[in-house]
Amino acid sequence: MRNSLMKIVRNTAFPIFVLLIAFIIINGAMSGFTSSFVVGFFTSNFALCCVTIGTAVIIMGGGIDVSLGAMVALINCIFTQLVEHGWNFGLAVVVSLLISMACGALNGTVVGFFRVSPMLATFGSLSIFSGLALTVLPLPGGTMPVGFRNFYMGTIAGIPIALLIIIALLLLAFLVHRSPLGTKIIAVGLDAPKSFISGVRVNSVTFFTYVFAGFVCGVGAIGLTANMGGGDPNVGTALSMSAIASCVIGGVALSGGKGNALGAVFGSLFFGLLINTVIAARTPSFQQGMIRGIILLVGMIVAAVLLRGTTSTRAKQLRNEGAND
Amino acid sequence: MTFLNFECKGISKQFGAVVALKDVGFSIKEGEVRALLGGNGSGKSTLAKVIAGAVKPDSGNITAFDAEFMPSSPDEAKKHHIIMTSQELSLFSNLSVAQNLSFCTIPVKGGLITDNKKILSVAKDILSELNVLHLLDKRIDELAPNEKYMIEYAKALVQDPRLLIIDEITSALYKKDVEIIKASIEKVKNNGCSVIFISHRLPEIFDICETVTVMRSGAVVADMEVANASEQELISLMTGKTITKEDADKRFQDAQTETQGKTILSISDLKLSGFESTLGIDIGEGEIVGVAGLQGHGQSTLVRQLFGLESHMSLTIDGEKTTIRNPRQAVKKGMAFISGDREKEGVFKEQSISENLRVVGDIILKKRQKNVGEILDRYHVVYGNTGHKLVSLSGGNQQKVVISRWTSVFPKIVLADDPTKGIDVQARSEVHQIFKELAEQGSAVLMVSSDDAELVNLAKVTNKSRVIVMYEGKIIKVLRGAEITEENIGHASMPVVRSDEN
């Protein structure tokens, strides 16, 4: 009993879990939870959650990706155009997902096989993706079938569909985590040369993480399209950085090899609630950004202190490179 | 199954300007245990890495299983059951001990999910075979260096090797661990596995191996039966210099005569973290103090704590009472700390050789080292260019750079935690000589070693030396002069015979 309790407390997702619960209580006290609030919350944060899951897997494998937001915008535009041009709806979904995986495969090839620094590689593909998005759909527009929008904003047994899809993606990430591939991802993330010596095909593992991220971003983009009821080539710009920040606050070490997707999703939900809280507190809009920043920093310090409590000596702390390692 | 019949011919490899291997031939028979011996930078680790697929040679070919065989990656070598334990350790601190052991062949159930039960049972089997089952529930970063090397060895065994390459794991091991490894090698050998055993400890080679290949400066210089070789002969082959026993003894005798210098470092009532009792010691100018004891009795905690790595530390340096709060202060007070764990606490792998050498002087003491090349030459470091990355050097040469980093700033107090781990006999005695020079200039040296024989040799370097033996966080015996023998250290380390270790 005590052992399994320690296991939960030691989990890298634990500090953000505590923070998230605290914020749910604060939010509930301030505005109360109605069913429509909950559905709205998950439908509007759906894309961020998806991008965060993808980012988490990449970071755990020792990489980084700043192009995922632009990728979401691209898929958003492509999907909108496909539906506009009267494609079969199911086919449009499948083709969009395939294109998003191809985008991921592009990143994965450049980073995994050509060994280009992931920051630079994805910075380059970011421009390509946003440029393509503007070419596909120069101005915001398009219409989505009402049935699709209603399905996306609906619930099953009171649980929002968007949340169910997030859970399904988390289960997929967990499945990867519990497979030999998952073990190899965190091994490569911790130390690629050691993994190579141990017989891991490092290039392929890196490649996989980017393709996986491409897939979940595709799902996110389709949800986003339903939420907006159309396409917008500039929609995803803030997503990449928010996703990276969500991962870090969710216990995924930027240096790679540590953390899990669940914590990262908690992190993105925390960000969503944070924005909600600031708005609900009727903060003047000019100061919202600043207040959000202050709460965020305090949250990070709390998370750091919670994690530090489990390590003993000072040298060990330094070795752990910061709060979220 | 086909016979191994492993043979390399004409293997050459160059890293930048450094020739690591030139036209090397090497062969091993089924069930043979062959030692691969050589100084730092002699190319033995490179050869091992070529065989294990981690390094691609510039030229040459390998035949195995009666066919041409050139592994292009460790992955491919492993498919042929050619397994290498790594001197740098291939363990992952974010995985459990059991996961690490099965890392190269992760069992699955249902074709997809990792079979954790199988992982656990494989780990239990192999750990109990090596008599270290108590390590199962530990985290990798909780393990002592010798325990990590036992796990590294176990990880290789799990992969069912047909050619097992053991790269210097025993340099961090204690005697009882080496006995276990020896028995285990005997067992795999009887199953038809061939073993390439790389070690600097000559007695082990005589004890464990049947044949020996000696390398020097990237070439094979001898290939013989261990039974026909003598220790002096092997050292001469390795170093290329004829060293007779008299020479060695004479060098030890010209040490200065004992004088009572002033006390440089004085500690009293020091409680080591993790222990109940306290200890005190005074170390004088020019004194070399060896620290011995069984593993985990506070030897490395002592030097680490003195350097401010554990907590605040009150001590007297040069008669002046001070408090050391962190390593930075320790360095400013004239202390140096040489760690045996060079991966974690020694080298900056991606930085250049000269930056690695200058780091302490440049960053903390604000004293710029100019004569980098000169220092490297003095310590016989084999390197191409001081601007090359440190990883381009062999393991032993990396450690020499780390040691010269500290000694080149002339510290008052040298704290060393098993500093010669994994470096060869000759380099070892060079390190001892460096310590001797420092001592002659008035420094005090406190050095921990897991190898009792090394402490005996160290003590011969100067007359002003003693060996303290630690037990459960206190000093239980101080040996001086002629008392310093392996037997005496061994006896003192085990004051009570315990029926059950840990």
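Predicted model: local features only at pLDDT ≥ 70, side-chain atom pairs only at ≥ 80, totals over all residues.
The interface comes first. On the side of chain A, 25 residues are in contact with 32 residues of chain B. The size of an interface is often given as the accessible area lost when the parts come together. For chain A and chain B this buried area is about 2,500 Å², and carbon and sulfur atoms account for 59% of it.

One salt bridge is counted between chain A and chain B. Its partners are Arg201(A) and Asp75(B), whose side chains meet with 3.2 Å from N to O. Three helices of chain A, namely H9 (180-190), H10 (192-197) and H15 (314-319), each supply at least two residues of the side that touches chain B. The helix that gives the most to this side is H9(A), with six residues. Sorted by class, the side of chain A that touches chain B holds nine nonpolar, seven polar and nine charged residues.

Aromatic rings are the next topic. Over all chains, a search of the whole structure finds 14 aromatic pairs. One of them joins Phe17(A) and Phe266(A); this pair is tilted, with 5.5 Å centre to centre and 40° between the planes. Phe17(A) belongs to helix H2 (residues 14-31) of chain A and Phe266(A) to helix H13 (residues 261-280) of chain A, so the pair ties together parts that lie 249 residues apart in sequence. The two rings can also be described by their accessibility. Phe17(A) has 36% relative accessibility and therefore counts as partly exposed, whereas Phe266(A), with a relative accessible area of 16%, is buried.

Another pair is formed by Phe46(A) and Tyr152(A), and this one is edge-to-face, at 5.6 Å centre to centre with 80° between the planes. It links distant parts of the chain, since Phe46(A) is in helix H3 (residues 35-60) of chain A and Tyr152(A) is in helix H7 (residues 146-152) of chain A, 106 residues apart. Phe46(A) is buried because its relative accessible area is 1%, and Tyr152(A) counts as buried at 4% relative accessibility. Elsewhere in chain A, ring pairs link Phe23(A), Phe270(A) and Phe271(A) into a cluster.

The remaining features are in chain B. Helix H17 (residues 452-461) of chain B has as its buried residues Glu454(B), Leu455(B), Val456(B), Leu458(B), Ala459(B) and Val461(B). The N-terminal end of H17(B) is capped by Asp451(B), which has a side-chain oxygen 3.2 Å from the backbone nitrogen of Ala453(B).

Which loops of chain B hold Asp66(B) and Glu168(B)? Asp66(B) sits in the loop between strand E4 (59-64) and strand E5 (67-68) of chain B, and Glu168(B) sits in the loop between strand E9 (163-167) and helix H6 (175-190) of chain B. Asp66(B) is a residue other than glycine with a positive phi, near 60°. Glu168(B) is not a glycine either, yet its phi is positive at about 50°.

Conventions
Residues numbered from 1 in each chain as written. Chains lettered and ligands numbered in written order. Heavy atoms only, no water. Contact = heavy atoms within 4.5 Å. Buried area = accessible area lost by both parts, 1.4 Å probe. Salt bridge = Lys/Arg side-chain N within 4 Å of Asp/Glu carboxyl O. Helix = DSSP H or I, 4+ residues; strand = E, 2+ residues; numbered from the N terminus. Nonpolar A, V, L, I, M, F, W, Y, C, P; charged D, E, K, R; others polar. Phe/Tyr/Trp six-rings, centres within 6.5 Å; stacked < 30°, edge-to-face > 60°. Buried < 20%, exposed > 50% of the residue type's maximum accessible area, 1.4 Å probe, protein only. Polar contact = N/O pair within 3.5 Å; in protein donor to acceptor, adjacent residues only side chain to side chain.
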